[in-house]
Amino acid sequence: MQRPSDASAAPGFAPDGPADEPLVTIEALSVDFATPRGTIHALRDINLKVPRGRVLGLVGESGCGKSTLAYALIGLLADNARIAGGAIRMGRHDLARLGPAAWRDLRGRRIAMIFQDPMTALNPVAAIGRQMLDIQYREPGSRADKRARAIDFLGRVQIPDPEAKLDVYPHQLSGGMRQRVCIAMALLTRPDLLIADEPTTALDATLEMQIVALLRDLQRDFGCSVLFVSHHLGTVAELCDDVAVMYAGEVVETGSARQIFHTPRHPYTQALFDCDPARIAEATRQLPTIPGTLPDLRQPPAGCAFRLRCLHAWQRCAEDHPPLYAAPGGQLARCHLLDTPEDAA
Ligand code: SF4
């Protein structure tokens with residue numbers, strides 16, 4: 001699919017580049033939240049690349065920082081959040097340093113987002129058609145062109161009788177249909193990066209797999225990059241090309257989806273898989289969990305953040321903060337177990 005004419009591009013923004021260069025490069029990103037009980041260091045020294053034209057899955061348990069990272073990438077961090085350091089490079093720009101006006105030019109056009117709950121993402125008192133026209137307010141073309149484009153995109157997300165759906169309100173649609181509308185709206189401006197923040201959490205299992213299949217097809221059609229945030233390993237395996245695992249505000253493992261699912265290197269990733277109900281072969285009344293809780297991110301621990309829950313921890317894990325070590329095939333894991341002389345990244 002062709003990108004809109006240059007006239008619709010955000011001024012001064014140039015994400016185009018060699019196919020083998022990442023679309024977004026996150027460098028040493030740290031984000032803090034000011035709370036009455038102290039500063040929470042929610043993201044710490046994140047280094048991550050979002051490849052062009054691929055789907056990157058971001059996984060980890062609740063509170064690990066994956067949604068904070070997603071919101072930092074679209075400039076929607078909460079008012080009490082502060083980017084404490086690092087950079088988010090996309091084209092010639094550092095998204096971590098953009099002001100409100102620059103973000104208004106970029107958000108929704110170059111970077112779009114599908115939110116977790118489609119009911120609250122849509123305006124409940126505006127018909128679907130009006131919302132789909134409003135979101136195109138900076139796109140070229142007449143009102144009739146934009147209406148035709150809205151109908152086209154509703155068709156692309158497999159909404160039956162798309163023209164008639166322009167006149168309905170969100171509450172008149174099912175949850176699955178509402179999320180399809182949100183996907184259509186996110187793609188209307190043909191973004192370079194689509195962020196999907198747990199987009200299937202509010203749906204039942206059947207609808208979840210339909211939405212995942214739809215996202216996969218649309219990503220192939222549009223060629224955009226997708227950051228797919230999820231705690232559901234099955235959907236990540238189904239959809240993603242690459243995976244980053246987060247724990248306690250850090251990226252602890254990255255690799256291709258095949259590498260992560262077949263040969264997880266980090267003990268936390270291995271523990272996540274051990275707790276995945278889909279992988280438990282025998283019937284049981286008690287599902288396994290990872291013992292312990294996330295560390296207090298007001299005072300991140302010295303050494304490895306996972307050490308109090310790790311079955312392999314030893315003295316060094318309490319003293320040295322592990323870097324990302326390289327494993328065969330380009331996989332990276334933040335664990336001293338990989339510290340062989342030839343593995344230092
Ligand atoms: Fe476990 Fe130590 Fe590896 Fe951390 S560095 S995951 S505590 S073995």
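I take partly exposed to mean a relative accessible area between the buried limit, under 20%, and the exposed limit, over 50%. I am working on a predicted model.

**Confidence**

I looked up pLDDT before anything else. The chain averages 89, and 93% of the residues score at least 70. Residues 1-14 stay under 50. The model still has 31 contacts beyond four places in sequence for residues 1-14.

**Asp105 and its partner**

I followed Asp105 to Arg138. The two form a salt bridge, with the closest N and O atoms 3.2 Å apart. Asp105 sits in helix H2 (residues 100-106) and Arg138 in the loop between H4 and H5, so the pair ties together parts 33 residues apart in sequence. Arg138 is partly exposed, with a relative accessible area of 26%.

**Other salt bridges**

How many salt bridges does the count come to? I get 16.

I checked Arg54 next. Arg54 forms a salt bridge with Asp242, and the closest N and O atoms are 2.8 Å apart. Arg54 lies in the loop between strand E2 (38-50) and strand E3 (55-59), while Asp242 is in strand E9 (residues 242-247), so this pair ties together parts that are 188 residues apart in sequence. Arg54 counts as partly exposed at 34% relative accessibility. Asp242 is buried, at 14% relative accessible area.

Then I turned to Asp192. Its salt bridge is with Arg110, with 3.5 Å between the closest N and O atoms. Asp192 is in the loop between H7 and E7, and Arg110 is in the loop between H2 and E6, so the pair ties together parts 82 residues apart in sequence. Asp192 is buried, with a relative accessible area of 8%. Arg110 is buried too, with a relative accessible area of 8%.

I also noted a network of salt bridges that links Arg316, Asp320 and Asp339.

**Helix H7**

H7 has 13 residues. From first C-alpha to last, H7 reaches 19 Å, close to the 18 Å expected at 1.5 Å a residue. Among the buried residues are Gly176, Arg178, Arg180, Cys182 and Leu187. I listed what covers the buried residues: the cover includes strand E6 (111-114), helix H3 (118-121), helix H4 (128-134), helix H5 (143-156), strand E7 (193-197) and helix H8 (205-222).

**Arg180**

I stopped at Arg180, which is in H7 (residues 175-187). Arg180 is buried yet has no salt bridge. Which side chain of opposite charge is nearest to Arg180? I find Asp217, 8.9 Å away. A salt bridge needs the atoms within 4 Å. What does the side chain of Arg180 reach at 3.0 Å? The backbone oxygen of Val157. Leaving aside neighbours within four places in sequence, I find Arg180 in contact with Val157, Gln158, Ile159, Gln210, Ile211 and Leu214.

**Helix H8**

I went on to H8, which has 18 residues. H8 reaches 26 Å from its first C-alpha to its last, close to the 26 Å expected at 1.5 Å a residue. Its buried residues include Glu208, Ile211, Leu214, Arg216 and Phe222. Ile211 and Leu214 are also contacts of Arg180. Gly223 follows H8, and its phi is positive, near 75°.

Notes:
Residues are numbered from 1 along each chain as its sequence is written. This is a predicted model: local features need pLDDT of at least 70, side-chain atom pairs count only at pLDDT 80 or more; totals for chains, interfaces and linings use all residues. Side-chain values use heavy atoms; hydrogens and water are left out. Helices (H or I, at least four residues) and strands (E, at least two) are DSSP runs, numbered from the N terminus. Buried means under 20% relative accessible area, exposed over 50%, partly exposed in between (1.4 Å probe, protein chains only). Lys and Arg count as positive and Asp and Glu as negative; His and the chain ends are not counted. A polar contact is a pair of N or O atoms within 3.5 Å; within protein, one must be able to donate a hydrogen and the other to accept it, and residues adjacent in sequence count only if both atoms are side-chain atoms. Contact means heavy atoms within 4.5 Å. pLDDT is the predictor's confidence in each residue, from 0 to 100. The expected span of a helix is 1.5 Å times one less than its number of residues.
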